[in-house]
Each structure stands twice: as structure tokens, then as C-alpha cells.
Amino acid sequence: MTTATPEAPAAAPSPPALRQAIELLSSMRFAISLLTVICIASVIGTVLKQHEPAVNYVNQFGPFWAELFLLLKLNAVYSAPWFLLILAFLVVSTSLCIARNTPKIFTDLRAYKENIREQSLLAFHHRAEAPLEGETPEAAAQRIGQGLVKAGWKVRLQQRGDAGWMVAARAGGLNKIGYLAAHSAIVLVCLGGLMDGDLIVRAQMWLGGKQPYTGGGMIADVPAQHRLPLTNPTFRGNLLVAEGTQSHTAILNQSDGILLQELPFSIELQKFIVEYYSTGMPKLFASEIVIHDRETGEKIPKRVEVNHPASHRGIEIYQSSFDDGGSAVQLKAVPMDGVGKPFEVAGTIGGSTQLSRGQQEGAEKLTLEYTGLRVINVENLADATAAGTDVRKVDLRESLDARLGAANKVQTKKALRNVGPSITYKLRDAAGQAREFHNYMLPLELGEGVPVFLFGMRETPAEPFRYLRIPADDAGTVQGFLRLRAGLADPALREQAVRNYARQATDPAKPQLAEQLASSTQRALSLFAGAEAAPGRAAGGLQAVSEFLEANVPAAERERAGEVLVRILNGALFELTQITRAQAGLAPLPRDAKTQAFMAQAVLALSDVHVYPAPMAFQLAGFQQVQASVFQVTRAPGRLVVYLGCTLLILGVFAMLYVRERRVWVWLSPRDGGSQARMALSSNRKLMDVDREFEQLRQRLLGRSA
């Protein structure tokens, strides 16, 4: 006697909305849409500089677009919440797609489809029929099956009573495995990216109370809420170490500040090494370091080169770049207004000096910030030495982009040369506004006929430097120009130069002509010196002379009058140069080509100095270099996951592209003491290779009678 058991209640069906959501998430269209958005975001992250100061975006794109970029986190695409959310959705979507299709794929891989009806074989594109004389269906099935096995096929035989035998075989199952491998690779790469990205750091900020630090001061004084623990599983930060010092705190840049990451070891920089090619271009950057393990006290010497990192306690140490480690510099002030007095100031790179009125009489209160020292500057000066260069085409208002370094994009011939040390500094006024200056220590040959000192400036970091070119005197210094600048600012010396010029340029027997020339010369020199400057007009220089001509001379006579005034001006400035040299106890300049080149460049420099935005420039007089290495320290547990994903992606794509899934069926039925064979082949791709393979199988299995 048997007892009936009640049936288990059926599982409640999923709600339609949930089913539709799962269908959407696991659909190919949704995954492709996410990949498209990620690609667009990656392009934006590549084109738009990431983690730049907000003012840089304002200067480059304007306030509206800069505010929009910052609102959408386009300045930090790869750590933006929406980007991480898209990656997470892509992981979920691809995982659902794998979960939904994996059972079907494995079921299909195990199936030989031997139950196919023999009449269905007639519907295949690749099909053939042939009689097999003297061979029973069973014997033919065994022979055909063994032949397919030897050819690498997986075979199953099925006997259908007295009706006949079905031989079913399959090959190329790796094609479907490649589908799973490629999709799994996407999941692994995204997971590895999320593991090594800012997601874990952001999670510690959201859940652990960590906050980006936006202030200044010493690293040791930064509070604990801005520091990440030693147990932080993933990070990527920078570590600056000067020669002879050590550090154990990395800086993680965030879009709204920085975080500090404590390391389980300290890095001591013993020596920073730079090797150069014969052209002066850098060939090798390397750092000789000692790793001090903070737990064991062990000291481990290492050498870190570009693309050859060191590793300790699961943290990779890369040679990222190099910087100044606090070099001592001595600067000499160069008065640009003609009334200031030279003085010297000393400081260290990264420091600052307050300039009082006692140092520069009549100057406003300024802060001198030492920002950079470059001992070697390899520049491309090919175009600068070209013949026929017009020295008046470049002044303070025009960049030397066509003359210096990589800023020149149109040169075809390169003349790389080390032009010596340079200093970069900022002058900050009492209101906090700063301009940046970049001055070379040595004069450069730029095809002007005389070496020139370059004094560069820019208003914002987004702009290129614009250079004032001051000619070097016969002693290779700027003193000759400075004496001329001071003399131009002195009314008494200007008047003496005017008298000397008028006396030498006219016949002594014609005093009236000398007085007229003296009057014109005095007016031209006053305009050039800026003595007649007024609001809304040029402060001096050739621009002031040009404005005077436009206001007082008819257009038809303006060109000729301008030539006369420039000739008079050049003569008066030459006399002024001779006067200043005599006051300094120096011999007069000879009237030769070298003097002419000096005076031509001096006139242009005197004209441009009126728009120089500071009362003084600072020239590098001496330095004691201290170098520093910038290391990138990373703990990346997702790296191996990404490597595995990349490997699976390569194998998966290869399998899908180059492995064809094929199935073959042979139906064998009895016929007059022999057998009748009907054969069909299917493939997931229609290629000429399939035609050739089918023909080979037909001949091998069915013989030439097919």
C-alpha cells in the first residue's frame, strides 16, 4: 500500500518589473551602451588634463565651461562617482549575461544532437549522399566514427533499430568557451580597475571619516583625519625625496585636495643620476636609494630607473620624475625702471623672501618666491641662427616659441644645445597677485649679431613665457644696458646727450640748424624715455614715438618723418651710451658692426622695458644644487586580476575569431546488401574554409562515389 504525498507548492514567479530589469541589465544592448559611455569618458579623460588647479580650467575654457567641468567631475573622470557607477553597472550587466548564457553554452557543448531527423539533413547547405557497397550500416558507422575521432572530432553513435545508424560529431567547442572568456575578461578588468582606482580610498573617506587636506605647512603637522592607514589595501601616490634625506609619507592627489598615505618603510635617496646624450638630451634617470623597513629595521639598497621599479612589502616604487630638493640660489636684482639700485638676495628653492622698500627704493612691497632651478636647458636654436632674422619681430609682447625648445612645432632642422642654467620665480604683491618669471643665467646667441640675456614672464601658468631680450655688453654682462637705462631716466644726461648729438651732426657754422636738431632730438628722446607719458597713452618706447607721429604728422609724410625720428633717436642713444661709459671709467665704444648690433638690440630692449610688469628682474648669480627624486609608490592588488583579465581577453578573442564551431551528421540506412549514406555539415561561419573542409570530409568518409 502506497501513500500519496502532497505536491510542493510552486515557486512564486518573479515580478514582471524585476524580470524586465534583469533582462535589461543582462542584454547586449545595455552592455554596449555602457561601453560606449566609458569610451567617451576615457577620451575626455585623455584629452582634458586631469587634476589641474581650477584656475587653469578657467583660464583655458572660461568660467562657464570650467564650472561645468568641475560640476561633472570631468577634471577627475576616472575617480568621478558616475564613472565608477558605470563601471559597476558594466560588471553587473556582463556578469548577468555570463550567468544567463553559461548553462546554455555548457549544455550545448555536451549535446551531440544525435536525435536529429534524417530528413532534416536535406535542409543543410553542405550535404551529400552516397551508396556504400558491401558495408553494413553498423560497420560503416564504426568506420566513419573512428575516422572522425582520428581527425579530432568528438563522436557519438546512435542505433535506431533496424532503420539505421546516426553518426553525430562536433568540433570547435573552444569558440563558445572563448565567448565566456572574453566576457569574463571584461568583468575581471573592470573589477581590477575598481580595486586599484579611487573607489576604496573614496570608501574610506565616506565611511572612515577621512577628508582631503587643502592647507599648507609641514607633512608632520597634518592631522590624522587626512591620513590613510598602513593597512590601506590599494593606493597610488607620489613621494618626493631630496638627496641625503628620507621620507615615508606619500601624497595622494584628489580633485579637492590631498590625502597622506603612511608607508611601512622609508625611502632614503643617496644619489640622483642623470646621464645625457651628446646632444644634451637626457638619456637616463636613476636613483640610488636605501629602503628602511620600519618594522624590522632592515636597510635594503636598491636602484630605481625609469621602467625598472623596485618592490618592497607588496609596494612598487617607480622613478616618476625629478625635482629640486631645496637648492641654494643667489640672485642679483636688475632694475628695470632706471632708478632702482642693484642688490643681491639669497634663498632656497621652495622658499621666499620679503622685499622691503629699503632694498628697492620706491618699490611696492613684494614677496619673492623661488619656484625652480634648472641647471641644464636643452633648447632648439636652429631657427634662431637663421640668416635674415628681423630682431624687431619678437619683443616682450611676443613669445620666443619659434626660437626655444619644444614650443617650436614648425622647424624641420634641429640644433639642440645646452644654453645653461635658469631660474624661475614669482613676484607676489600685497594683494596676493603673482606673476611668474623665468630668466636665463647666460647670454644666448639668437642670430641678433650680439648675445642677449632672456628675461621671461607670464601672467598665468596656462600661458607661454614671453621674453625681454637684453643685449650683453663687451664684457658679457647686462651692466652696459643698465647704465644706458639709468641714463635715459636722467633728464640731465638726456640733455647732455642731445647737445653732443646736435653738435656732431651739424655744421658749427650753422648754430640755428643745431638748435632745431637739438629741439627735435630732445622731444624724441623725451617721448622714448616716457617723460611725456599720459593716461591712456604709451608709457614710452617706440610706441610713444609712433603715437606722437599719428597725432601730429599727416599720413602722407608720416613714414618719412618716422625714419628721421628713429635715426635721430639712435644717434642720441649712442651718445648717451658713450656718456654713461665715460662716467663708469670705460673707453668709448668704437663705431663698428658689433657696436651697431648692440645699439640696435638695446633700442628694442629699451622700448620693450616700459611694458615689463615689475620694477626689477632677478638674474641668477650663483647656486648650489640639491636634487630630488619623485617616486610613484603603488599598492595594486587588482593588477594581477587585470593581467588575468587581459590574458582571458586575448585567448577569448582568439578563440572566437579563429576557432570555428562545426557539427557533422552521417545517417546510414540499409540498402541492397550495403548502406546508403546521407551527410550534412553545419558551421557557425560561412567561409571558404568550410567548403574545403566539407569536401575533404566527404571524400574521406563517403568515398569518391558521393
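This is a predicted model: local features need pLDDT of at least 70, side-chain atom pairs count only at pLDDT 80 or more; totals for chains, interfaces and linings use all residues.
## Thr94 in helix H5

Helix H5 covers residues 81–110, and Thr94 is part of it. With a relative accessibility of 4%, Thr94 counts as buried, because buried means under 20% relative accessible area.

Within this setting, the side chain of Thr94 reaches the backbone oxygen of Leu90 at 2.8 Å. When residues up to four places away in sequence are not counted, Thr94 touches His183, Ile186 and Val187.

Strand S20, made of residues 452–458, is mostly covered, with seven of its seven residues buried. Val452, Leu454, Gly456 and Arg458 point one way from the strand, while Phe453, Phe455 and Met457 point the other way, and all are buried.

S20 pairs with strand S19, residues 434–440, in the antiparallel sense over four bridges, and it is joined to strand S21, residues 466–471, by six bridges, again running antiparallel.

## Cysteines and disulfides

A disulfide is a covalent bond between the sulfur atoms of two cysteines. A search of the whole structure finds zero disulfides.

Two cysteines can be described by their accessibility: Cys190, at 9% relative accessibility, counts as buried, whereas Cys646, at 36% relative accessibility, counts as partly exposed.

Technical notes. Residues are numbered from 1 along each chain as its sequence is written. Side-chain values use heavy atoms; hydrogens and water are left out. Helices (H or I, at least four residues) and strands (E, at least two) are DSSP runs, numbered from the N terminus. Buried means under 20% relative accessible area, exposed over 50%, partly exposed in between (1.4 Å probe, protein chains only). A polar contact is a pair of N or O atoms within 3.5 Å; within protein, one must be able to donate a hydrogen and the other to accept it, and residues adjacent in sequence count only if both atoms are side-chain atoms. Contact means heavy atoms within 4.5 Å. A disulfide is a pair of cysteine sulfur atoms within 2.5 Å. Two strands pair if DSSP finds at least two bridges between them.
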